[in-house]
Amino acid sequence: MSDYPKMYLYRRLVQAKLFIDSHYAEAIDLDLIADEASFSKFHFIKLFKSTYRRTPHQYLTFIRIQKAKALLDAGGPVTEVCYAVGFESLGSFSLLFKRVTGHTPSAYLAQQQVLKAEKAAAPLRFIPGCFAESRGWLPK
Amino acid sequence: MISKLTHSSIIVLDQTSAHDFYVNKLGFTPVVDVPMPQGGRWLTVSPPGQPDVELILSPVEQNANTPEKVALLTELVKTGTFGVAVFTCDDIYATYEEMKAKGVHFKKAPTKEFYGTEAIFKDDSGNWFSLAQLPKP
């Protein structure tokens with residue numbers, strides 16, 4: 001482990017990232033996270049971005065959109081999903097969701113519902129034939 | 001001419017537990033999860049950033065056709081016989097700390113090797129994987 005660089009820094013940084021991962025639905029004060037991780041705000045943002053390619057704020061938005069996609073995949077109504085992942089207005093949620101995914105939340109939800117129905121009705125269309133055959137799933 | 005890898009199998013002991021491990025601990029994306037009318041479940045996940053690569057989380061029972069072979073394969077998987085894949089990351093120390101915090105078991109902590117910095121971890125079944133940060137070109 002002698003070549004392990006700045007372990008204590010990584011642990012604090014990872015704890016801050018995991019805090020965002022588990023508290024994304026709340027009104028997170030990113031300044032507070034920097035304080036809790038014992039970093040200056042400037043140093044925290046710089047280190048976070050160099051490690052995760054996003055500032056803490058960009059990462060929080062990214063996680064909220066990823067979680068929103070998962071909830072919409074499961075069929076959640078758009079308004080409920082918006083508030084469940086920590087957005088305070090439907091307008092900003094829709095705007096950011098479209099910017100990240102290329103679709104509005106309602107269009108994405110509709111697409112996922114069609115895809116889900118297709119997978120349920122004809123699962124073999126989503127499975128390479130050789131695997132389906134070896135498992136005895138192909139019609140005789 | 002072969003152009004791309006699209007699917008590869010990982011033999012797992014329990015699909016539900018494997019789904020939790022790959023999605024919640026490794027951050028993989030669930031792709032297809034459908035029960036088959038004849039029994040069995042088709043379950044695939046993709047590594048982050050590679051939605052066109054599906055890893056099939058395939059239970060032992062679908063990979064052996066007799067109880068003896070199932071028992072043998074289970075034992076082989078459990079005891080860490082299979083080294084399955086290499087995953088890369090941008091920052092191995094941050095990734096290692098995060099995975100450890102989530103309870104992933106490492107056989108080898110990040111160590112500098114001639115090809116980059118490498119750690120080795122196991123999945124919830126016993127399969128092992130290399131986690132590498134390769135030198136920037």
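**Stop 1: a hairpin in chain B**

Start by selecting B:Gly39, which has a positive phi near 100° and belongs to the hairpin of β2(B) and β3(B), with five residues between the strands. Before going on, a bit of housekeeping: this is a predicted model, where local features need pLDDT of at least 70, side-chain atom pairs count only at pLDDT 80 or more, and totals for chains, interfaces and linings use all residues. Residues are numbered from 1 along each chain as its sequence is written, chains are lettered from A and ligands numbered from 1 in the order in which they are written, and side-chain values use heavy atoms, with hydrogens and water left out.

Strand and helix names follow DSSP runs (helices are H or I, at least four residues; strands are E, at least two), numbered from the N terminus. Now colour β2 (residues 29-35) of chain B: β2(B) and β3(B) pair in the antiparallel sense over six bridges. Strands count as paired if DSSP finds at least two bridges between them. Click B:Thr29 and look across to B:Ser46, its bridge partner in β3(B).

Next, select β3 of chain B, residues 41-46, where five of the six residues are buried. Buried means under 20% relative accessible area, exposed means over 50%, and partly exposed is in between (1.4 Å probe, protein chains only). On to β4 (residues 54-59) of chain B, which runs antiparallel to β3(B) and is joined to it by two bridges. There, B:Ile56 is the bridge partner of B:Thr44.

**Stop 2: rings in chain B**

Show the side chains of B:Phe21, B:Tyr22, B:Phe28, B:Phe87, B:Tyr96, B:Phe106, B:Phe121 and B:Phe129, a cluster linked by ring pairs. Rings of Phe, Tyr and Trp (its six-membered ring) pair if their centres lie within 6.5 Å; planes under 30 degrees apart are stacked, over 60 edge-to-face, and the rest tilted. The count over all chains is 21 aromatic pairs. Zoom in on one of them: B:Tyr22 and B:Phe28 sit edge-to-face, 5.9 Å centre to centre with 65° between the planes. Both B:Tyr22 and B:Phe28 are buried.

**Stop 3: a covered helix**

How many of the ten residues in α3 (residues 92-101) of chain B are buried? Seven of them are, and the helix is mostly covered. Among the buried ones are B:Ile92, B:Tyr96 and B:Met99. What do the buried residues of α3(B) pack against? Their partners include α1 (7-23) and α3 (41-52) of chain A, as well as β7 (116-122) of chain B; contact here means heavy atoms within 4.5 Å.

**Stop 4: over to chain A**

Select residues 14-111 of chain A, where UniProt (an unreviewed entry) places "domain: HTH araC/xylS-type". This stretch is 74% helix and 0% strand, with its end C-alpha atoms 35 Å apart.

Then find A:Arg54, which lies over the face of A:Phe62, 3.7 Å from the ring centre. For a charge over a ring, NZ of Lys or CZ of Arg must be within 6 Å of the ring centre and within 35 degrees of the ring normal. Likewise, the charged end of A:Arg135 sits over the ring of A:Trp137, 5.8 Å from its centre.

Finish at A:Leu124, in the loop between α7 (105-121) and α8 (129-134) of chain A. A:Leu124 is partly exposed, at 29% relative accessibility. Beyond its neighbours within four places in sequence, A:Leu124 is in contact with A:Ala132, A:Trp137, A:Leu138, A:Pro139 and B:Met36.

Terms used. UniProt positions are given in the numbering used here, feature names are shortened, and annotations may be inferred rather than shown by experiment.
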